[in-house]
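Good morning, and thank you for coming. I shall take a few minutes to walk through one model, and I ask that you keep the sequence and the structure in view.

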Amino acid sequence: MLMDVEVLARIQFAFTIAFHYIYPPLSIGLGLVLVIMEGMYLKTGNKVYEQMTRFWIRIFALIFGIGVATGIIMEFEFGTNWATYSKYVGDIFGSALAAEGIFAFALESGFLGILLFGWNRVSSGVHFFSTIMVFFGSMFSAVWIVVANSWQQTPAGFHIVGEGMHARAEITDFWAMVYNPSSTDRMLHVWIGAFLAGAFLVLSINAWYILKNKHLAIAKPAFKIALTVATVFSLAQLVVGSKSAEGVAKNQPAKLAAMEGHYDSSAKAPMYLMGWVNKQKQETHGLKIPGGLSYLIYGDFNAPVKGLNSFKKDEQPPQVNAVFQFYHIMIAVGISMILLSLLACWYWKKGTLFNKKWLMWLFVWSVLLPQIGNECGWFTAEIGRQPWVVYGLLKTSDALSKTVTAHQVVFSLILFALVYALLLVLFLFLLNRKIQHGPASAAADDDELDAHTKRNNPLLTH
Amino acid sequence: METFLGIDYNIWWFLVFGAVISGYAILDGFDLGAGALHLFLKKEQSRRIAINAIGPMFDGNEVWLVIGGGALFAGFPVAYAAIFSAFYVPFMVFLMGIIFRAISIEFRSKEPMLWWRTTWDIAYCVSSIVIALTLGLMLGNIALGMPLNEAHEFSGNWLYFFNPFGILIAITTLALFMLHGAIYLGMKTESRLYTKLTILAKNFTIFFVISFALSTFYTLLYIPHLSDEIKTHPVLFVLPLIMTLAIANIPRCLKKRNFRLAFLSSSVTIAALLILVAVEVFPNLVYSPQFPANSITVHNAAASHKTMGILLTIALIGTPLVLLYTIFVFWTFKGKVKLDEMSL
């Protein structure tokens with residue numbers, strides 16, 4: 001028995017996008033860290049920063065490569081599996097995607113060649129410039145993708161042309177489309193999530209070096225750079241994240257109600273620390289701050305908040321408990337990152353940071369936190385928008401490719417599952433090899449390898 | 001109709017899209033071709049040089065595919081939706097090829113073991129061939145046309161795409177890319193490897209000429225709608241003429257070891273071939289031979305004029321920037337490949 005095409009297509013999209021979303025945030029975050037490291041090298045001329053930069057360029061290359069390959073899939077998956085959606089939003093979504101390609105992705109990939117292969121070919125200033133351009137390119141990329149997705153959450157600057165099967169959204173105001181009500185908040189939220197992903201990867205690997213007493217001259221300053229980034233942005237995320245939640249309250253009340261499992265519109269709404277939603281009984285149980293959600297939105301603990309009951313049955317998010325759980329996991333992860341970074345800063349100030357073995361072990365595992373946070377945040381946003389693919393305008397079930405059969409989707413889903421599993425194994429294997437190899441020896445080994453190949457290779461004598 | 005310099009917006013965007021696709025075919029064409037002939041190179045050192053000759057470029061080249069996809073989605077959403085849902089199976093195979101290729105280039109150099117490198121060499125070569133063939137298959141079928149219903153959706157079975165014309169164009173594309181790739185590698189390498197590539201390039205020229213001649217005969221015999229423009233407007237014969245001259249120029253340049261001019265000739269060949277297809281297909285984007293009224297054209301598939309205006313603005317600002325740093329990157333890595341510590 002085959003499943004429904006809609007379910008299969010949604011599983012495939014969720015799977016491919018969730019896998020893809022491991023990598024671009026790491027590229028953006030590492031981009032920021034690389035700019036800082038290389039900037040320090042140019043400023044101080046200290047070899048430690050040079051080795052640090054070159055080591056992280058190697059890790060960056062690995063991550064970027066997988067991000068591009070899995071990203072190309074995403075661009076075409078709208079057409080392959082969601083043809084009706086593509087026709088409906090093409091007029092709007094298309095200009096954002098085209099701008100992404102030409103302004104952001106081309107910038108990023110163009111200068112990537114110099115970032116990765118140009119260390120000895122261009123001056124250090126030109127190389128630094130390329131690093132900055134790659135970082136900017138990855139940030140701009142995120143802008144256009146988040147704009148397009150935000151338009152699906154809070155459509156603006158458009159009108160609907162045609163009816164039924166031929167209906168589609170046409171743009172009326174480009175800037176209103178770009179600055180739709182949720183763009184700015186979500187943009188900042190995603191950027192900061194990405195910075196945290198990069199910072200915690202650097203923290204994790206360097207904490208491991210410190211525990212193993214390896215490469216200490218490089219690991220300690222690198223850890224401090226990343227800790228600074230992590231502290232600043234985990235705190236900033238608290239502010240930006242709650243702004244984003246306020247936006248959801250205003251623009252997508254059904255999603256907000258699902259996020260907190262709130263059903264009854266006449267009542268004040270609590271804020272849960274954790275809990276469980278019983279969809280049949282329309283109840284939520286758990287640890288809560290009474291009136292917390294009312295306070296967050298209206299500044300009044302007793303204000304009633306619109307609950308799920310005030311929406312038609314077929315316009316409520318179908319998986320309320322999933323939205324609730326993903327949202328609360330994201331929050332828990334965000335709080336953990338703040339506590340962990342502040343704790344580390346306190347020991348840093350006391351001068352005992354690198355003596356605390358237990359803390360270093362926590363940091364080794366902390367690399368998972370922003371990854372879990374980023375994925376859960378997107379799951380909240382996307383599952384919470386259901387049953388709509390474009391909020392209030394187009395249902396997900398109406399957005400499919402009518403010509404694609406369940407068999408075809410099963411075929412591609414199996415291919416993706418196999419290839420991505422292989423990709424993940426290879427990625428972890430190579431990342432581990434690079435980590436084991438370490439920053440200090442990387443350049444030296446290469447020089448040796450290079451000298452060796454030159455000696456034995458008549459092709460390279462000129 | 002909104003116009004710019006007297007030409008309709010929709011037609012401008014068709015030109016932009018065509019230019020991006022040609023750019024993609026010329027740029028990714030050489031690295032795909034280099035991949036497809038990879039196993040002809042036997043020595044580890046030669047393979048390493050070949051990989052490093054495309055290493056800094058292939059990501060930038062694939063950007064053109066991303067821009068092309070975005071350009072089609074933005075300007076002709078109906079065509080984007082129809083084409084990719086119709087080509088579901090071949091396109092998924094194409095995408096797997098893209099992933100495998102990127103990871104084989106990335107992973108090959110990471111371990112020194114012979115079995116590791118051989119495995120990735122094979123993956124790199126096979127995925128490059130698969131990408132070239134699926135691209136050709138899709139181009140062939142777009143030129144040929146496919147059954148479409150009233151909603152401009154594909155109404156056939158995916159096995160339809162494996163028709164003789166589609167397969168011929170697939171093979172022709174592979175041959176052309178291999179020729180193009182061999183010339184590119186020749187431009188970037190030295191001494192013995194260089195001699196070997198000269199021989200390969202000559203053989204691929206023959207391979208291409210034969211497959212192209214077969215496709216041409218097939219078109220003239222069985223697919224009248226792909227030759228009527230050129231028959232009614234004899235001035236268009238200048239296109240096949242340019243192509244013939246460009247192809248004939250390749251062996252001459254190879255003999256003189258002028259790889260740059262040879263590369264220019266194979267680039268011109270690719271562009272002329274695509275322009276020829278575009279001229280014959282226009283104003284259709286996807287032709288429906290059974291029910292021509294259901295064909296997807298640059299007019300019925302187009303986005304609104306407002307969006308077209310925005311897109312043309314984006315293109316006018318963006319294209320010079322992209323060209324600027326593409327040239328900068330090529331200039332930085334100009335000349336023969338030298339393996340150094342940053343090499344793959």
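**Loops, helices and the contact between chains**

I begin with H215(A), which is buried because 20 other C-beta atoms lie within 10 Å. The rule here is that a residue is buried with 20 or more other C-beta atoms within 10 Å of its own, exposed with 12 or fewer, and partly exposed in between, the C-beta atoms being placed from the backbone. H215(A) sits in the loop between α7 (183–211) and α8 (216–251) of chain A. Its phi is near 45 degrees, a positive value in a residue other than glycine. Helices (H or I, at least four residues) and strands (E, at least two) are DSSP runs, numbered from the N terminus.

Before going further, a word on the source. This is a predicted model, in which local features need pLDDT of at least 70 and side-chain atom pairs count only at pLDDT 80 or more, while totals for chains, interfaces and linings use all residues. Residues are numbered from 1 along each chain as its sequence is written, and chains are lettered from A and ligands numbered from 1 in the order in which they are written.

Let me stay with the loops of chain A. Q282(A) also has a positive phi in a residue other than glycine, near 55 degrees. The loop that holds Q282(A) runs between β3 (271–278) and β4 (283–289) of chain A. Q282(A) counts as partly exposed because it has 15 C-beta neighbours inside 10 Å.

A303(A) belongs to the loop between α10 (292–298) and α11 (320–350) of chain A. With 14 other C-beta atoms within 10 Å, A303(A) is partly exposed. Which residues is A303(A) in contact with, leaving aside its neighbours within four places in sequence? They are K268(A), S294(A) and Y298(A); contact requires that the C-beta atoms of two residues, placed from the backbone, lie within 7 Å. From A303(A) to L293(A), 10 residues apart in sequence, the C-alpha to C-alpha distance is 9.1 Å.

M165(A) is in the loop between β1 (158–161) and β2 (168–171) of chain A. M165(A) counts as exposed, since it has 11 C-beta neighbours inside 10 Å.

Two cis peptide bonds deserve mention. In chain A, one joins Q386(A) and P387(A), with omega about 5 degrees; P387(A) lies in the loop between α13 (368–385) and β5 (388–390). In chain B, a cis bond joins F282(B) and P283(B), again with omega about 5 degrees; P283(B) is in the loop between α11 (259–281) and β3 (284–286).

I turn now to helix α3 of chain A, residues 47–81. Its 35 residues should span 51 Å at 1.5 Å a residue, and its end C-alpha atoms are 51 Å apart, so the two agree; the expected span is 1.5 Å times one less than the number of residues. Of the 35 residues of α3(A), 29 are buried.

What of the interior? The largest nonpolar core has 264 residues, and those with the most contacts inside it are A199(A), A79(B) and A82(B). A nonpolar core is a set of buried Ala, Val, Leu, Ile, Met, Phe, Trp, Tyr and Cys residues joined through C-beta atoms within 7 Å. Helix α4 (residues 83–117) of chain A gives the largest share of this core, 22 residues. Beyond its neighbours within four places in sequence, A199(A) is in contact with residues including G29(A), V33(A) and F233(A).

Chain B has 12 helices and 4 strands, and 56% of its 344 residues are buried. Its C-alpha atoms fill a box of roughly 55 × 40 × 40 Å along the principal axes.

Finally, the contact itself takes 64 residues from chain B and 65 residues from chain A. On the side of chain B that touches chain A, α3(B) provides the largest share, 13 residues.
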